[in-house]
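Here is a short briefing on side-chain packing and pairing. Please look over the sequence and the model before reading the points.

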Amino acid sequence: MYDCLVPLYGEYKLYHKKGSDSFNVSFAGDKGKNNSKLRHKLIEAGVFKSKHIPEIYLRASKEQRLALLQGLMDTDGTVSSAGQCEFVQKSILIADGFCELLSTLGIKYNRTAKIPRCNGKECDEVQRITFYTDKKLPCFRLQRKYDRLKENLNKRMLYKSIIDIQPIESVPVKCISVDNPESLYLCGKRFTVTHNTALAAALSLYFLIADGEDGAEVLLAANSKEQAKICFGMCSNFAKGLDPKGKYLTTYRADILFDLTKSSLKVLAADDTKLDGFNASFGLLDEYHAAPTSKVKDVIKSSMAMRENPHLAVITTAGFSKENPCYQDRSVAIEVLNGLKKDDELFAAIFSMDSNDD
């Protein structure tokens, strides 16, 4: 079974451990000679006498990253009878790399520091990393460990939750866009899938099911119907997470119905000539910077005339044209924020670089 390692690591020496059925395999090379192929490979990788996961490994293909995870877990990982996987490591560098490796594969984890005890005595602090994955994305190849993995993860384990929001000191930021059909990108050390439309989707669902208004009508619009569908797709995913059996929330091609209050959420066409006949309680206009006119916004706003407490939300990334209506609204918002104008019906939040930043 060791012969397959020779092409990779060079010649080996096999030692039988006295009084046991185990063997030691040494690739150290000949004594006094610098002829260990394995040693040179470790030096080239930058891990000789510096154990860590090189960045190139963390940016490899998914198959290679999964194989790396499986190798680490087969040797040093454990799994409980309930399917909880655990990796314990003294080295902070390896623990950091291991956590990033999990994140690149979309695996949620929990990391804590603990002081282990051995024979009643406290040992040095170790990093304990626990997580769940299933047999669709197995972190083991050893059969005895693989068999303990869950067949399928519970749906709640596939989602992340916001558990706290804290204000932080203002730092220079810049709006970005990415070359992705859904405009999604990965954010933070845990590679959270992010898009500002996710907040809008959450708002839309709130006004659909939790605003306390019978017959609520939530309208989603954008400069193009394709852009509005991005928000609708997120609304649909959130709705399925809230009501997986579809008992109260029914999702159609471009509509979501909330049966308890006879409320609906709809995606609108960008063509303002087709927007008559609505009675919106909440309207969302996405990527407003690309709108050449304010007609769609005006139609949605005028459809709210019969509502007692309507809301209109406009979200956008930064644009370039100062002629479009978005820039005009931004100018008004800045005047309100600076106290030059008063408008109790307007709430504005602008995230941008400070004026003195390069």
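Ser303 is buried, at a relative accessible area of 12%. The model is predicted.

**Ser303 and its surroundings**

- Ser303 sits in the loop that runs between helix H9 (295-302) and strand E16 (311-315).
- Leaving out residues up to four places away in sequence, Ser303 touches Leu219, Phe278, Asn279 and Ala280.
- Ser303 counts as buried because its 12% falls under the 20% cut-off.

**Aromatic pairs**

- The structure has 4 aromatic pairs.
- One of them joins Tyr206 and Phe207 edge-to-face, with 5.3 Å centre to centre and 90° between the planes.
- Tyr206 is partly exposed, with a relative accessible area of 41%, whereas Phe207 is buried at 10%.
- Phe207 also pairs with Phe282, and this pair is stacked: the centres are 4.3 Å apart, with 5° between the planes.
- The Phe207 and Phe282 pair links distant parts of the chain. Phe207 belongs to helix H7 (residues 197-209), Phe282 to strand E15 (residues 282-286), and 75 residues separate them.
- Phe282 is buried, at 2% relative accessibility.
- Elsewhere, ring pairs join Phe87, Phe98 and Phe131 into a cluster.

**A charge over a ring**

- Arg190 lies over the face of Tyr109, 3.8 Å from the ring centre.

**Nonpolar cores**

- The largest nonpolar core has 24 residues. Which of them touch the most other members? They are Leu69, Met73, Phe98 and Phe131.
- Four elements each supply at least two residues of this core: helix H4 (62-76), strand E4 (85-89), helix H5 (92-104) and strand E8 (126-131).
- H5 gives the most, with 6 residues.
- Phe98 is in contact with Ile53, Leu69, Leu72, Met73, Phe87, Ile129 and Phe131, leaving aside its neighbours within four places in sequence.
- A second, separate core holds 21 residues, among them Cys231, Cys235, Ile256 and Leu284.

**Salt bridges**

- Side chains of opposite charge can pair when their charged atoms come close.
- The structure holds 10 salt bridges.
- In one of them, the side chains of Arg59 and Glu100 meet at 2.7 Å, N to O.
- This pair links distant parts of the chain, 41 residues apart: Arg59 is in the loop between helix H3 (55-58) and H4, and Glu100 is in helix H5.
- Arg59 is partly exposed, with a relative accessible area of 47%. Glu100 is partly exposed too, at 23% relative accessibility.
- Asp124 forms a salt bridge with Lys90, and their closest N and O atoms are 3.0 Å apart.
- Here too the pair links distant parts of the chain, 34 residues apart. Asp124 lies in the loop between strand E7 (121-122) and E8, Lys90 in the loop between E4 and H5.
- Asp124 is partly exposed at 48% relative accessibility, whereas Lys90 is exposed at 51%.
- Glu122 forms a salt bridge with Arg117, with the closest N and O atoms 3.6 Å apart.

Definitions and conventions:
Residues numbered from 1 in each chain as written. Predicted model: local features only at pLDDT ≥ 70, side-chain atom pairs only at ≥ 80, totals over all residues. Heavy atoms only, no water. Buried < 20%, exposed > 50% of the residue type's maximum accessible area, 1.4 Å probe, protein only. Contact = heavy atoms within 4.5 Å. Phe/Tyr/Trp six-rings, centres within 6.5 Å; stacked < 30°, edge-to-face > 60°. Lys NZ or Arg CZ within 6 Å of the ring centre and 35° of its normal. Core = buried A, V, L, I, M, F, W, Y, C linked by side-chain atoms within 4.5 Å. Salt bridge = Lys/Arg side-chain N within 4 Å of Asp/Glu carboxyl O.
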